[in-house]
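Biologist: I would like to go through this protein with you, term by term. Please show it first.

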Amino acid sequence: QAPVGSSLVRAETGHRTLTQIRRAPSPLVSATMAARPLLRRQSASFKGLLVLGAAAALLNLSTFGQYVGSTTFAMIAPSEAAPQATPEMSRFRVGDRVRAKVPILVSNEGRGYYNEGAGVGIPDHQRDLREEKREMRMLPKVIEGGNEGVVVGILPAGEWKNRPPHWKGQPRAGVMVSWDEAELPMEVTEEMDLEQLEGSVSQMHIQQRKLKWKRIKY
């Protein structure tokens, strides 16, 4: 008796009859073989959709270029775009001679930007607090307009956390000035409170830096 799903094939060879059993393919194999043409058709359809989408995109781009009167930023090649120059930190340079145009408040109650002579970190038993208070009352609280000095540093806007304690508002650059009068402490001032004078040595400093890093060619 043949198994279910098979057929008997009899063949006579000489005096003997041979019975061969041909087994039918399993349902899983039949389903896989039947699905192959469908997968090929779906793959071909997907490729056709991709080609149509690319053609539509090129058509829209060409139509957009016809209706745009001027060249847009998106149409400019990277090499044709204008280079972005790094903005200057300040209009002043180290070595510039400056003059205060208006009265300037001194930081830290008269001790200046670096809080000169405050005795921070010294134990109280080693300090004369009464004498320090008397000295504080005698310190100049304002730098009068007309005082001159030299720019010794620039505090960029990116270092806003290091600004003088009384500065408020938006981050902006500060100019550190060492004043000619010895009793005035070093102070960071606003750019608009200063005017540049003749006799600046900033260009000389720039040339010296260039010569320092210039390599000697033989």
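Biologist: What makes β7 and β8 a pair, and in which sense do they run?

Modeller: Two strands pair if DSSP finds at least two bridges between them. β7 and β8 have three bridges, and the sense is antiparallel. In that pairing, Val-177 stands opposite Glu-187 in β8.

Biologist: Where does the model come from, and how are residues numbered?

Modeller: The model is predicted: local features need pLDDT of at least 70 and side-chain atom pairs pLDDT 80 or more, while totals for chains, interfaces and linings use all residues. Residues are numbered from 1 along each chain as its sequence is written, and side-chain values use heavy atoms, without hydrogens and water.

Biologist: What counts as a strand or a helix here?

Modeller: Both are DSSP runs, numbered from the N terminus: helices are H or I with at least four residues, strands are E with at least two. By that rule the protein has three helices and nine strands. From the N terminus on, they run β-β-α-β-β-α-β-β-β-β-β-α.

Biologist: Which strands form the open sheet, and in what order?

Modeller: Five strands do, in the order β8-β7-β6-β3-β9, with antiparallel pairing. β8 (187-189) and β9 (194-196) each have a single partner strand, so they are the edges, and one side of each lacks a neighbour in the sheet. Neighbouring strands are turned by 50 degrees against each other on average, direction ignored. The axes behind that angle are lines fitted to C-alpha atoms, for helices over the stretch in contact; angles run from 0 to 180 degrees between N-to-C directions.

Biologist: How do you know that β3 pairs with β9, and with β6 as well?

Modeller: Count the bridges. Strand β3 (residues 97-100) pairs with β9 over three bridges, in the antiparallel sense. Three bridges also join β3 to strand β6 (residues 148-155), again antiparallel.

Biologist: How many bridges join β6 to β7?

Modeller: Six bridges link β6 and strand β7 (residues 174-179), in the antiparallel sense. One of the partners is known by name: Val-150 is bridged to Ser-178 in β7.

Biologist: Why is β7 called largely enclosed?

Modeller: Buried means under 20% relative accessible area, exposed over 50%, and partly exposed in between, with a 1.4 Å probe and protein chains only. Five of the six residues of β7 are buried, so the strand is largely enclosed by the rest of the structure. For the protein, 20% of the 218 residues count as buried.

Biologist: What makes Tyr-113 and Tyr-114 an edge-to-face pair?

Modeller: Rings of Phe, Tyr and Trp (its six-membered ring) pair if their centres lie within 6.5 Å; planes under 30 degrees apart are stacked, over 60 edge-to-face, and the rest tilted. The count comes to two aromatic pairs. Tyr-113 and Tyr-114 have centres 5.0 Å apart and planes at 80 degrees, so this pair is edge-to-face. Tyr-113 has a relative accessible area of 18%, so Tyr-113 is buried.

Biologist: Why is the pair of Trp-160 and Trp-167 called tilted?

Modeller: The planes of Trp-160 and Trp-167 are at 40 degrees, with 6.2 Å centre to centre, so the pair is tilted. Trp-160 is buried at 14% relative accessible area. Trp-167 is buried at 5%.

Biologist: Where is Glu-159, and how far is Glu-159 from Arg-172?

Modeller: Glu-159 lies in the loop between β6 and β7. Glu-159 and Arg-172 are 13 residues apart in sequence and 8.9 Å apart in space, C-alpha to C-alpha. At 38% relative accessible area, Glu-159 is partly exposed.

Biologist: What makes the phi of Asn-108 and of Glu-109 worth a mention?

Modeller: Most residues other than glycine have a negative phi. Asn-108 has a positive phi, near 55 degrees. Glu-109 is positive too, near 60 degrees. Asn-108 lies in the loop between β4 (104-105) and α2 (129-138), and Glu-109 is placed in the loop between β4 and α2.

Biologist: Are these two residues buried or exposed?

Modeller: Asn-108 has 25% relative accessibility, so Asn-108 counts as partly exposed. Glu-109 has 57%, so Glu-109 is exposed.
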